[in-house]
Amino acid sequence: MTAPGWVTARPIAHRGLHDVRQGVIENTRPAFAAAVAHGFAIECDVQLTRDGEAVVHHDFELGRLTEGSGRLDRMSAAELREVRFRHGEGRIEPLADILRFIAGRVTLVVEIKSAFDGDLRLTRRTAGIVQAAGGPVALKSFDPNIVAALRMLAPDVPRGIIAERHYEGEEWAALNAARRDILSRLGHLPETMPDFISYRINDLAESIGFLRETAPGLPIMSWTVRTPEQRMAAERADAQIVFEGFVPV
């Protein structure tokens, strides 16, 4: 499908409009409420729980922002709802609850987290929730297997691939060189057929020609934009911004 205009119509608040100094924590209801109040689209992350629920949280494990420790996939959704953040009043909530809260007031872009292990349980659960909820929602992932699966699981929901140019960071060390090469050159496009590309802002200037040639016409989201220079780079590439740390005007 062709991505509808609402996918990139407004700047996208990275994990909501959060500010830990004000007690507004990423990927929580207060951060989403702040984004809605400003009319910004929202990007959020989902993780799988022990009981098969999709909950809104970025990390695979507790501890960076929360009290306690442990992997999310070894805890139930009910147990995670009781976890407290060290600052702020937010909670780790199921995606279905967050969708009901947002109620279609702004676009929600949901990143399906992946360990690149072929497990599609989170993908299936997320696709089912989004299709049942309706509203302006798009799905994306770094993992081409997930994006390809979404073609069948949720064909009417806009889907995107998250990408970067070099895949040299520590987080990619577990993937072999051949797999990193496929990711870098978007060699999966015949299988994934994304409706948009979410691309690393620091790689965008060197890659924009490649993107326009390889995936002509696809809208681009640039992540994560934190500085005026990065915002200017996105504007030069005619890319929407997934922003953090400031309020676009």
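**Salt bridges, pair by pair**

Guide: Aspartate 97 is buried, at 18% relative accessible area. Here buried means under 20%, exposed over 50%, and partly exposed in between (1.4 Å probe, protein chains only). This is a predicted model: local features need pLDDT of at least 70, side-chain atom pairs count only at pLDDT 80 or more, and totals for chains, interfaces and linings use all residues. Residues are numbered from 1 along each chain as its sequence is written, and side-chain values use heavy atoms, with hydrogens and water left out.

The partner of aspartate 97 is arginine 81, in a salt bridge with the closest N and O atoms 2.7 Å apart. A salt bridge is a side-chain nitrogen of Lys or Arg within 4 Å of a carboxyl oxygen of Asp or Glu. Arginine 81 sits in helix H2 (residues 77-81) and aspartate 97 in helix H3 (residues 95-102), so the bridge ties together parts 16 residues apart in sequence. Helices (H or I, at least four residues) are DSSP runs, numbered from the N terminus. Arginine 81 is partly exposed, at 31%.

Next, arginine 185 and aspartate 181. Their closest N and O atoms are 2.8 Å apart. Arginine 185 is partly exposed at 44%, and aspartate 181 is partly exposed at 38%.

Then glutamate 235 and arginine 231, at 3.9 Å, N to O. They are 4 residues apart in helix H9 (residues 228-236), which means a separation of about one helical turn. Glutamate 235 is exposed at 52%; arginine 231 is partly exposed at 22%.

Salt bridges also link Arg15, Glu26, Asp45, Asp59, Arg64, Glu111 and Lys113 in a network. The count comes to 20 salt bridges.

Key. Helices (H or I, at least four residues) and strands (E, at least two) are DSSP runs, numbered from the N terminus.
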